[in-house]
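Work through the exercises below with the model open. Each task is followed by a solution in steps.

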Amino acid sequence: MASSLVTKGANVFYDEYEQANLWGKDLYAHLTKIYRDESKYCLMLLSESYAKKQWTSHERKAAQARAFTENREYILPLRLDDTKIDGILDTTGYIDYRKVHLEKVIDLIVKKIYQYNRDNGITYEIVKVEDVFQKQAIGVNRGRPITDKDMTTECPACGTMQLLSEASLSLDEDDTIYTCKNGCQPIVVVSRPGLVAWPGRGYRLGEHAIRNTRNIYVKTENMRVPMIINASKAALMKLRPSS
C-alpha cells in the first residue's frame, strides 16, 4: 500500500522506509511530531494486530490529539477486521478493506490529498520539459540550455510532427499536460513532483517523470545526432495495471 501511494506521488511516512532516518532518534518525540504536527492525514489500518502493538497505541494518541484540535477528518480508518480500537468510535466513517479493492483505497486516499491541497491553497505550477532538463543540467556543456524549441515529437492521433514549444500547456491536477497543437490529444505529461515512473509509463528525471506517447527528439545546433526520449506505451495511463 505504501509503495502504491508513493507511485501516485504521495509523500508517505512508513517506518520501513525510514529505518536509517529513525536510527538513534528519540522515537517517542519524533513520532509524536510526525503524527501530531506534520502529516496531512493519518491512515490507520485497524486490526487485532494493530490493537496489541505498543507503538501503534502511541501513534494513535498523537493522531487523536491532532484530530481533536482540527475541524476536519484527519484520521482515515481502514478496517482489516472487526477489532474494537480505543478512541475510534463506531460512528467514525471508515473503509472496509475486506470489501474494497486496494486500487480503490489508493484512489480515495489520493483524492483526499488533492482536496486538502485545494482547500489549503497548495498548488503546483506548470513544469515544462525544458525546466526538468535545466534542473538536471542536461545539455549544459553544449553551449546553451536545451529548451522546448529543441524538442520534436509526433501526435499519435493526427501524425503531425511538432516542437514541444508549439503544443498547448495545461494542468491536470498536479501534472503538466502538453496537448497536440491541433488539439487532438495529450502528447507529453510532466508528472507532479515525487511521482514514480513505473515501467512503461515514462522516465524519472530528478523529482519529475516525463511521459511521452511518441519518441521525443532533442537536438540543438551544436549536436551532431539527437538525443531520444523513447516513447512510453502507458504514458497516458492513470492507474497501474494489476500484475
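**Exercise 1. Decide whether Tyr41 is buried or exposed, then find its aromatic partner.**

Step 1. Tyr41 has a relative accessible area of 17%. The cut-off for buried is under 20%, so Tyr41 is buried. Keep in mind that this is a predicted model.

Step 2. The ring of Tyr41 pairs with that of Tyr116. Their centres are 6.0 Å apart, with 70 degrees between the planes. An angle over 60 degrees counts as edge-to-face, and the Tyr41–Tyr116 pair is edge-to-face.

Step 3. Tyr116 is buried too, at 16% relative accessibility.

Step 4. Tyr41 is in the loop between H3 and E1, and Tyr116 is in helix H6 (residues 102-119). The pair therefore ties together parts that lie 75 residues apart in sequence.

**Exercise 2. Describe the aromatic pair formed by Phe13 and Tyr35.**

Step 1. The structure has two aromatic pairs. Phe13 and Tyr35 form one of them, edge-to-face, at 6.1 Å centre to centre and 90 degrees between the planes.

Step 2. Phe13 sits in the loop between helix H1 (2-7) and helix H2 (19-22). Tyr35 belongs to helix H3 (residues 27-38), 22 residues apart from Phe13.

Step 3. Phe13 is partly exposed at 25%, whereas Tyr35 is buried at 13%.

**Exercise 3. Give the strand order of the open three-strand sheet and explain why E1 and E3 stand at the edges.**

Step 1. The order is E1-E2-E3, with parallel pairing.

Step 2. E1 (42-46) and E3 (95-96) each have a single partner strand, so one side of each lacks a neighbour in the sheet.

Step 3. Look at the E1 contact. Five bridges join E1 to E2 (residues 75-79) in the parallel sense. Leu46 stands opposite Arg79 of E2.

Step 4. Arg79 lies over the face of Tyr94, 5.6 Å from the ring centre.

**Exercise 4. Find the partners of strand E10 and state how its faces are covered.**

Step 1. E8 (residues 186-190) runs antiparallel to E10, with three bridges. Val189 has Arg211 as its bridge partner.

Step 2. E9 (residues 203-205) also pairs antiparallel with E10, over three bridges.

Step 3. E9 and E10 make a hairpin with two residues between them. Gly206 in the turn has a positive phi of about 65 degrees.

Step 4. Side chains alternate between the two faces in a regular strand. In E10, His208, Ile210 and Asn212 are on one side, and Ala209 and Arg211 on the other. Both faces are covered, and five of the five residues of E10 are buried.

Key: Residues are numbered from 1 along each chain as its sequence is written. This is a predicted model: local features need pLDDT of at least 70, side-chain atom pairs count only at pLDDT 80 or more; totals for chains, interfaces and linings use all residues. Side-chain values use heavy atoms; hydrogens and water are left out. Buried means under 20% relative accessible area, exposed over 50%, partly exposed in between (1.4 Å probe, protein chains only). Helices (H or I, at least four residues) and strands (E, at least two) are DSSP runs, numbered from the N terminus. Two strands pair if DSSP finds at least two bridges between them. Rings of Phe, Tyr and Trp (its six-membered ring) pair if their centres lie within 6.5 Å; planes under 30 degrees apart count as stacked, over 60 as edge-to-face and the rest as tilted. A charge sits over a ring if NZ of Lys or CZ of Arg is within 6 Å of the ring centre and within 35 degrees of the ring normal.
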